[in-house]
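Colleague: Could you walk me through this model and tell me what stands behind each label you use?

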Amino acid sequence: MTLISRTPAGRVAAVVAALATAGLLTISPASASSATDTDGDGMPNRWERTHGLRPGVADANRDKDHDGLRNLAEFQDDLDPVDEDSDNDGLDDGDESHDGRASTDPEDRDTDDDGVRDGDEDADHDSVDNEDEDDADEPCVADDDDTDDDGVSDEDENEDHTSVTDDDSDDDGVTDGDEDADHDTVDNEDEDDDSDDACDSSDDGEDDDDAGDAGDNLVWHRVA
């Protein structure tokens, strides 16, 4: 005879024990596989597959999205290892994790709940938004994402009131990067460019976000 405890916790424990004894309590294959870590790198196979990593390769110390945070740290902090800005606030996960500021959190796009995304804040009051602080120091491989390839980083699209998934948000035939949202004679794609942050992956002397501008691909024919 099984004695049932008078307390709720005791009753639950007794029922679980009885089910286990009767062979009626099983662990689903899904639950079991979620803890399997074939390569022993500290990240479960299921999580690695879900996030585009390889369960058979020990890649805990790699940084797939080049955000300054290793894959294992992304797993431990419940972040996305293939998205440099998991909470889409304009700040790379690594910057938020390492800046030592209570006002930023890689899992919360508006840490202080003031209606302004963390990337658009100016934590050190130097007139430069948080999201732009580290841009000048980033190598091309860590350059900010530009989902729609319009020349404007995803983190800056909100400032121009344009879409990160539409390269011509107002459908006027001019890409968002070539527009001038604030009418200051500087194209959107050049607003946050710094003389030290040139990203020229084709080595043609031109920033990637300017490639394809009018005149870039003109072929001049000599007139006889």
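Colleague: Why does H183 count as exposed?

Modeller: The relative accessibility of H183 is 70%. Exposed means over 50% relative accessible area, buried means under 20%, and partly exposed is in between, with a 1.4 Å probe and protein chains only. So H183, at 70%, counts as exposed. H183 sits in the segment after helix 7 (154-160), and H183 has a positive phi of about 55° although it is not a glycine.

Colleague: Before we go on, what sort of model is this, and how are residues numbered?

Modeller: This is a predicted model, where local features need pLDDT of at least 70 and side-chain atom pairs count only at pLDDT 80 or more, while totals for chains, interfaces and linings use all residues. Residues are numbered from 1 along each chain as its sequence is written, and side-chain values use heavy atoms, with hydrogens and water left out.

Colleague: How many helices and strands are there, and what makes a run count as one?

Modeller: The protein has 7 helices and 0 strands. Helices are DSSP runs of H or I with at least four residues, strands are DSSP runs of E with at least two, and both are numbered from the N terminus. Along the sequence the pattern reads α-α-α-α-α-α-α.

Colleague: How much of the protein is buried, and what is its accessible surface?

Modeller: Of its 224 residues, 30% count as buried. The accessible surface comes to about 13,800 Å², with 49% belonging to carbon and sulfur atoms. The areas come from the Shrake-Rupley method with a 1.4 Å probe, and for residues only the protein chains shown count as cover.

Colleague: What makes R101 and D124 a salt bridge?

Modeller: Their side chains meet at 3.9 Å, N to O. A salt bridge needs a side-chain nitrogen of Lys or Arg within 4 Å of a carboxyl oxygen of Asp or Glu, so a pair at 3.9 Å qualifies. Both residues are in the loop between helix 5 (93-98) and helix 6 (130-133), 23 residues apart. The structure holds 1 salt bridge. In general, side chains of opposite charge can pair when their charged atoms come close.

Colleague: Are those two partners buried, partly exposed or exposed?

Modeller: R101 has 30% relative accessibility and therefore counts as partly exposed. D124 is partly exposed too, because its relative accessible area is 35%.

Colleague: Why is G119 called buried, and what does G119 touch?

Modeller: G119 has a relative accessible area of 0%, so G119 is buried. G119 lies in the loop between helix 5 and helix 6. Not counting residues up to four places away in sequence, G119 touches D89, G90, L91, D129, N130 and E131.

Colleague: What makes a space in the model a cavity, and how many are there?

Modeller: On a 1 Å grid over the protein atoms alone, a cavity is a set of points where a 1.4 Å probe fits but cannot get out. The count comes to 1 cavity of 30 Å³ or more. The largest cavity has a volume of about 40 Å³, a volume being the space filled by probe spheres set on the points, which are joined across faces, edges and corners. Its lining residues, those with an atom within 4 Å of a point, include G90, L91, N130 and E131.

Colleague: And R70, exposed or buried?

Modeller: R70 is exposed, because its relative accessible area is 51%. R70 is in the loop between helix 3 (45-50) and helix 4 (71-76). Leaving aside neighbours within four places in sequence, R70 is in contact with A60, N61 and R62.

Conventions:
1 Å grid on protein atoms, 1.4 Å probe; cavity = no way out; pocket = protein on both sides within 12 Å on 5 of 7 lines; lining within 4 Å. Contact = heavy atoms within 4.5 Å.
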